[in-house]
2 protein chains.
Amino acid sequence: MEILFTFVPRQDQQQRMKNEFPEVDFYFLYRDKTRLSSADIIVTYGEDLTAEDIEVAEKVKWIMVASAGIEKLPHQAIEARGITVSNVKGIHKTPMAESALAHLLALKRALPVIYQNQRNQQWERKIRSSELNGTTALILGPGAIGAEIGRLLQAFGVHTIGCNRSGAEASNMDEMVSFEKILEKLPEADYVISVLPSTDETKHLLKEEHFQIMKNSAIFMNFGRGDLVAESILLNALQENEIAFAVLDVFEQEPLPVDHPYWSMDNVVVSPHISSKSGKYVDRALDIFIPNLKKWLIDQSVPTNLVDMEKGY
Amino acid sequence: MEILFTFVPRQDQQQRMKNEFPEVDFYFLYRDKTRLSSADIIVTYGEDLTAEDIEVAEKVKWIMVASAGIEKLPHQAIEARGITVSNVKGIHKTPMAESALAHLLALKRALPVIYQNQRNQQWERKIRSSELNGTTALILGPGAIGAEIGRLLQAFGVHTIGCNRSGAEASNMDEMVSFEKILEKLPEADYVISVLPSTDETKHLLKEEHFQIMKNSAIFMNFGRGDLVAESILLNALQENEIAFAVLDVFEQEPLPVDHPYWSMDNVVVSPHISSKSGKYVDRALDIFIPNLKKWLIDQSVPTNLVDMEKGY
């Protein structure tokens, strides 16, 4: 049994796996595909496998993606072979919700201005700061991550509106609305926060009309996927002050090109797709992988966190 | 009946008072003491009255301080005359707790680094970010503000240790410790957050030994009063990396002198005593003042939020 990691965990994490599975041969190889053809299982962040790689990896039966999004996997090649795919859905919720709250609170409490005044050695007490308390958030994608964001926002006294395909109830949302009826609720939102995955349904879900109907004071936060909105539309909404601010962790093109206007816009925060980062990330991924692997070694049964390749999540 | 405000509320706030009390003459005069001698009540932020002013204000029977700290009032002159003093204790808790969480989350989620990389147009995903979840905070002064900070920290999965004079139970604290025994608990704290007022007991409460026993990774946050620790001691602890970081909203000398080392230190955030600021501040102060004034006009009875000038809060 050979398992290929296409990234390199810390030594103690490698040792943890070797101790748990002395009978397994582990290879930890970043950007090195020499062990593809003999691997039975591949553990990847999901961005480094091509259809040709799948062809070479003729023995592989299970791909474990240590990420949430699977849109960069070669779907056709994987489905044709019937390869099992699982992810680590759920482990992003704590760091991502903390990132979302950090960015939101920073803007409300004027931290970028405070930092700037410090750089200029300026004791400036005339600062516009406001509060989360008593405001309203619309959360696109109230799943595990969105619900955790909702829970924290509610602790701050924020009214939460969840928005999903069906409009069916979701945790920590004071009310719900379906994608179809989102225009009715957008005018109430002080913040529009997306943690939606990239699927056929969510691609370019937000259009010009959505930004036009938002409050001019609205803060838009995209922590899901960059293709939720065509970039030209979002850029225009920000340049025309149809909304006040955007915090973007994801982009249509990543890395964001060096000459992109976002870099120098006063009403945009560019976060380089790191909102889920945490010192605890790989440990938590292994907490999911290890029990799954134990089960797999016994009866090759389907692991938890199975991904439906057709639905896309 | 004449009431002198030594600051100038917004027009709508002035009108609100005039409507409530048509029989009262209101004066809103910033840095203008011409109406002192005829004022029956003074409303002040508490930093602009001298012992001589109290002498001139011979009719005044009630001073309402639209702040929490009263250490800059001329205590002797006020006590000698038996003037009633009240404050707006309680209205700071929401903005101050949001500020504390904003600064803490910003550091944990690496926002200063993210902002800096954006200024340099750098897409840099190798960022050290961590989580509040699973950490421990020691809160000096678990009163109204401290308890609100504790409540929010607990929502993030932070263990809270409250610290007050007696060690008696306080809201939203997982455990308590007295001032006297603080050295026993400091080594456990990832964050030491003070919202203590300035009193004889809290002045220079933290000494060299306290910073030496803190974790080297500890974040110290002072949102109370600057004299909690002698500045030379705090500066030294930061320069010697006995603690990792300080977020300071208060200082021994305010404004912080232009040539002070804090301004340019990488491990210090200088916040110019604004953590309680909020667009809702004066409205909330009036929510306390107006009912008190109604009662006062009937029977000159003691208002709520009475301050004990001897205790200092």
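The structure is a predicted model, in which local features need pLDDT of at least 70 and side-chain atom pairs count only at pLDDT 80 or more, while totals for chains, interfaces and linings use all residues. Residues are numbered from 1 along each chain as its sequence is written, chains are lettered from A and ligands numbered from 1 in the order in which they are written, and side-chain values use heavy atoms, with hydrogens and water left out.

## Helix α6 of chain B

Helices (H or I, at least four residues) and strands (E, at least two) are DSSP runs, numbered from the N terminus. Helix α6(B) spans residues 144–155 and has 12 residues. From its first C-alpha to its last it reaches 17 Å, close to the 16 Å expected at 1.5 Å a residue; the expected span is 1.5 Å times one less than the number of residues. Just after the helix, Gly157(B) has a positive phi of about 80 degrees.

Buried means under 20% relative accessible area, exposed over 50%, and partly exposed in between (1.4 Å probe, protein chains only). Nine of the 12 residues of α6(B) are buried, so the helix is largely enclosed by the rest of the structure. Among them are Ile145(B), Glu148(B), Ile149(B) and Leu153(B). In chain B the buried residues pack against α4 (93–108), β6 (136–140), β7 (159–164) and β9 (191–194), and they also pack against α6 (144–155) of chain A.

Glu148(B) belongs to this helix and is buried, with a relative accessible area of 12%. Leaving aside neighbours within four places in sequence, Glu148(B) is in contact (heavy atoms within 4.5 Å) with Lys93(B) and Ala97(B). Its C-alpha atom is separated by 10.0 Å from that of Pro95(B), 53 residues apart along the chain.

With the same exclusion of neighbours within four places, Ile149(B) is in contact with Ala97(B), Ala100(B), Leu101(B), Ile139(B), Ile193(B) and Val195(B). A nonpolar core is a set of buried Ala, Val, Leu, Ile, Met, Phe, Trp, Tyr and Cys residues joined through side-chain atoms within 4.5 Å. The largest such core has 74 residues, and the members that touch the most others are Ile149(A), Leu153(A), Ile149(B) and Leu153(B).

## The contact between chains A and B

Chain A and chain B each give 56 residues to the contact. The area buried between them is about 4,800 Å², with carbon and sulfur atoms giving 57%; buried area is the accessible area (1.4 Å probe) that two parts lose on being put together, summed over both. Of the area that chain A buries against chain B, Gln118(A), Trp123(A) and Trp263(A) supply 17%, more than any other three residues.

## Salt bridges

A salt bridge is a side-chain nitrogen of Lys or Arg within 4 Å of a carboxyl oxygen of Asp or Glu. The table gives some of the pairs.

| Pair | Closest N and O atoms |
|---|---|
| Arg284(A) and Glu131(B) | 2.7 Å |
| Glu131(B) and Lys280(A) | 3.9 Å |
| Asp12(A) and Arg10(A) | 2.9 Å |
| Arg225(B) and Glu71(B) | 2.6 Å |

Glu131(B) forms a salt bridge with Lys280(A). Glu131(B) lies in the loop between α5 (111–119) and β6 of chain B, and Lys280(A) in the loop between β12 (268–270) and α10 (281–299) of chain A, so the pair joins two chains. Glu131(B) is buried at 3% relative accessibility, whereas Lys280(A) is partly exposed at 34%.

Arg225(B) forms a salt bridge with Glu71(B). This pair links distant parts of the chain, 154 residues apart: Arg225(B) is in the loop between β10 (219–222) and α9 (231–239), and Glu71(B) in the loop between β4 (62–65) and α3 (75–81), both of chain B. Arg225(B) is buried at 17%, and Glu71(B) is partly exposed at 32% relative accessibility.

In chain A, a network of salt bridges links Arg10(A), Asp12(A), Arg16(A), Asp283(A) and Asp287(A). Asp12(A) is partly exposed at 44% relative accessibility, and Arg10(A) is partly exposed at 42%.

## Annotated regions of chain A

UniProt positions are given in the numbering used here, feature names are shortened, and annotations may be inferred rather than shown by experiment. An unreviewed UniProt entry assigns "domain: D-isomer specific 2-hydroxyacid dehydrogenase catalytic" to residues 10–299 of chain A. Over these residues the chain is 34% helix and 16% strand, and the end C-alpha atoms are 29 Å apart. The UniProt annotation "domain: D-isomer specific 2-hydroxyacid dehydrogenase NAD-binding", also from an unreviewed entry, covers residues 101–275 of chain A. There the chain is 27% helix and 17% strand, with the end C-alpha atoms 11 Å apart.
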